Amino acid sequence: MLMDCYCQSMDTETWQDNECLWEQSRYFYRVTTRLALHSPITYSEDVSRAMMEAKTQGYIIKQDPLILLKSGLFRGEIFLEINPPGDPADCREQSDNASCRKLQGTFYTVITKAPPFQMGDAVDKLARDLKKKGRKVRDLYLCLANCPACSKEKGNRTVIFAHLEPILEVRG
C-alpha cells in the first residue's frame, strides 16, 4: 500500500454539489504535513508515514481509504481513513493532540480544478454559497482526487468537504 501515487477515485455525480450525512462515525488516523501556501510539499511521504504509523499503533486501514487534507498556509494535517478502533473512546471528534479522529455529521461537497495556491478562493466561494443557504461551516477538508505526484499529468482535481453545523430547529 506504500506508493508515490495516492489518487482517489471520486466520481463527479456523487461529489459535485452534494450533501451527505455520515450517520455512523468514520475514523481517521491523523498526521501533520508540510505545506507552502496551501500546496502539499510532502503529501505522498506523509500518507505513507500515516499508513505505517497507523499499522504500528494497531489500527486497520480501510480498503480504498478516504484521504483528507486539512490545509493551512505552511502546515496541515492528513486524515487517513481507518476501521473503527477497538475502543472508539480513543478517537475524539475534536482534539489537537489525538492521532485518531472521528468525523460524523453532514458534509457538503464540491469538486474544483483549482490549483492548491488558488484553493482559498474556491473555499471562500463555497462558504459564501452555503451561508446564503443558511448553513454554517464547522470545518473544511480537501480530498485530492488527483494527488500532487499526478497533478501535472492529470490536472488538479480536488473535492472540498465542508463539515456543516447541525440545523437547529426553532420551536414556536
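Predicted model: local features only at pLDDT ≥ 70, side-chain atom pairs only at ≥ 80, totals over all residues.
Colleague: What makes E5 a mostly covered strand?

Modeller: Eleven of its 13 residues are buried. Buried means under 20% relative accessible area, exposed means over 50%, and partly exposed lies in between (1.4 Å probe, protein chains only). Local features need pLDDT of at least 70, side-chain atom pairs count only at pLDDT 80 or more, totals for chains, interfaces and linings use all residues, and side-chain values use heavy atoms, leaving out hydrogens and water.

Colleague: How do you know that E5 pairs with E1?

Modeller: Two strands pair if DSSP finds at least two bridges between them. E1 and E5 have nine, and they run antiparallel.

Colleague: What about E5 and E7: how many bridges join them?

Modeller: Seven, again in the antiparallel sense. Thr106 has Leu164 in E7 as its bridge partner.

Colleague: Turn to H3. How do you know what span to expect for this helix?

Modeller: The expected span is 1.5 Å times one less than the number of residues. H3 covers residues 119-132, which makes 14 residues. The expected value is 20 Å, and H3 reaches 20 Å from its first C-alpha to its last.

Colleague: Which residues of H3 are buried?

Modeller: Met119, Ala122, Val123, Leu126 and Leu130. They share one side of H3, because they cover an arc of only 95° around the axis. That arc is taken from the directions from the helix axis to the C-beta atoms. An α-helix has 3.6 residues a turn, so residues three or four places apart point the same way. On the other side of H3, Asp121, Arg128, Lys131 and Lys132 are exposed.

Colleague: What covers the buried residues of H3?

Modeller: The cover includes strands E5 (100-112), E6 (137-144) and E7 (158-164).

Colleague: What makes a set of residues a nonpolar core?

Modeller: The members are buried Ala, Val, Leu, Ile, Met, Phe, Trp, Tyr and Cys residues, joined through side-chain atoms within 4.5 Å. The largest such core has 32 residues, and Tyr43, Ile82 and Ile160 touch the most other members. H3 and E5 are among the elements that each supply at least two residues of this core. A second, separate core has 16 residues, including Cys20, Phe107, Ile111 and Cys143.

Colleague: Is Cys5 buried, partly exposed or exposed, and what is Cys20?

Modeller: Cys5 has 28% relative accessibility, so it counts as partly exposed. Cys20 has 14%, so it is buried.

Colleague: What makes Asp64 stand out in its backbone?

Modeller: Asp64 has a positive phi of about 50° although it is not a glycine. Most residues other than glycine have a negative phi. Asp64 lies in the loop between H2 and E3. Its relative accessible area is 68%, so Asp64 is exposed.

How values were computed:
Residues numbered from 1 in each chain as written. Helix = DSSP H or I, 4+ residues; strand = E, 2+ residues; numbered from the N terminus. Contact = heavy atoms within 4.5 Å.
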